[in-house]
Every structure is written in C-alpha cells, then in structure tokens.
Amino acid sequence: AEVDVTGTSGKIYSIEITNSAGTHTSYAKFRLTSGTVTVGTTEPDMMLVCGPSTSETYLFPNGLPFTQLTFWTTRDDATSDTTAPNGTIINILCT
C-alpha cells in the first residue's frame with residue numbers, strides 16, 4: 001500500500017488508472033480516512049476498476065474529500081486479495 005501519499009488532508013478531483021496487464025483486471029482500492037492499512041485485511045472506502053490493457057479516468061468535479069490518502073491495487077475485488085497486478089499506474093489529481 002502507498003500510505004498517506006499527500007501527507008495532509010485534501011480533495012481528489014480525478015484518478016487515472018492505466019493497466020498494461022493483458023490478462024488481469026486491476027482493482028484500485030482507496031482508504032480516505034486516517035489509520036493503519038493492511039492489504040488483505042483493511043476494507044477500502046472506495047474501489048475503482050480498470051480492465052486488462054485499458055485506461056480509465058474517474059472524475060470528481062466537486063472534489064472527493066479525504067483525511068489521509070492511501071491506496072493499493074489487487075487482481076481481485078475481494079478485500080482479502082493480496083495479489084498485486086503487474087503494470088498498473090495510478091495518477092491522482094488532488095489539492
């Protein structure tokens with residue numbers, strides 16, 4: 001997990017996910033509140049999906065507030081999954 005990536009609270013305005021893996025869907029999981037994150041145990045506050053060999057852009061025009069921004073990616077949508085997908089890039093626009 002990429003923990004507390006901004007070091008402060010803020011708002012997310014867009015998230016772009018690029019998944020270069022040709023055979024696996026990538027599930028980007030986000031924790032928007034403070035606290036410890038354990039991949040495979042922590043329930044995400046939000047999950048965004050990106051299919052194999054595609055890119056997805058998610059927009060939040062009014063800003064999605066967070067107190068601590070932490071994220072991780074897995075190959076399955078289950079909270080218990082710990083299998084990291086190959087080739088996932090996440091770009092986040094936030095203030």
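Visitor: Let me start with C50: is that residue buried or exposed?

Guide: C50 is buried, with a relative accessible area of 0%; buried means under 20% relative accessible area, exposed means over 50%, and partly exposed lies in between, using a 1.4 Å probe and protein chains only. Please keep in mind that this is a predicted model, in which local features need pLDDT of at least 70 and side-chain atom pairs count only at pLDDT 80 or more, while totals for chains, interfaces and linings use all residues. Residues are numbered from 1 along each chain as its sequence is written, and side-chain values use heavy atoms, with hydrogens and water left out.

Visitor: How many disulfides are there?

Guide: The count comes to zero disulfides, where a disulfide is a pair of cysteine sulfur atoms within 2.5 Å. C50 is in no disulfide, and the nearest cysteine sulfur, that of C94, is 19 Å away.

Visitor: What touches N19?

Guide: Leaving aside residues up to four places away in sequence, N19 touches a list of residues that includes H24, C50, P52, N86 and T88, where contact means heavy atoms within 4.5 Å. N19 lies in strand β1 and counts as buried at 1% relative accessibility. The side chain of N19 also reaches the backbone oxygen of C50 at 3.2 Å; a polar contact is a pair of N or O atoms within 3.5 Å, and within protein one must be able to donate a hydrogen and the other to accept it, with residues adjacent in sequence counting only if both atoms are side-chain atoms.

Visitor: Which sheet does β1 belong to?

Guide: β1 is in an open sheet of three strands with the order β4-β1-β6 and antiparallel pairing; strands are DSSP runs (E, at least two residues), numbered from the N terminus, and two strands pair if DSSP finds at least two bridges between them. The edge strands, each pairing on one side only, are β4 (54-66) and β6 (88-94). Strand β1 (residues 10-19) pairs with β6 over seven bridges, and T18 stands opposite I89 in β6.

Visitor: What is the order of the strands around β2?

Guide: There the order is β3-β2-β5, again in an open sheet of three strands with antiparallel pairing, and the edge strands are β3 and β5. Five bridges join β2 to β5, with T70 in β5 as the bridge partner of R31, and five bridges join β2 to β3, where K29 has M47 as its partner.

Visitor: How many residues of β5 are buried?

Guide: Five of the five residues in strand β5 (residues 70-74) are buried. T70, W72 and T74 point one way, while F71 and T73 point the other way.

Visitor: Switching topic, which side chains meet in a salt bridge?

Guide: R31 and D45 do, at 3.9 Å from N to O, and the count comes to one salt bridge, meaning a side-chain nitrogen of Lys or Arg within 4 Å of a carboxyl oxygen of Asp or Glu. The pair links distant parts of the chain, 14 residues apart, with R31 in strand β2 (residues 26-31) and D45 in the loop between β2 and β3 (46-50). R31 is partly exposed at 21% relative accessible area, and D45 is partly exposed at 40%.

Methods
Helices (H or I, at least four residues) and strands (E, at least two) are DSSP runs, numbered from the N terminus.
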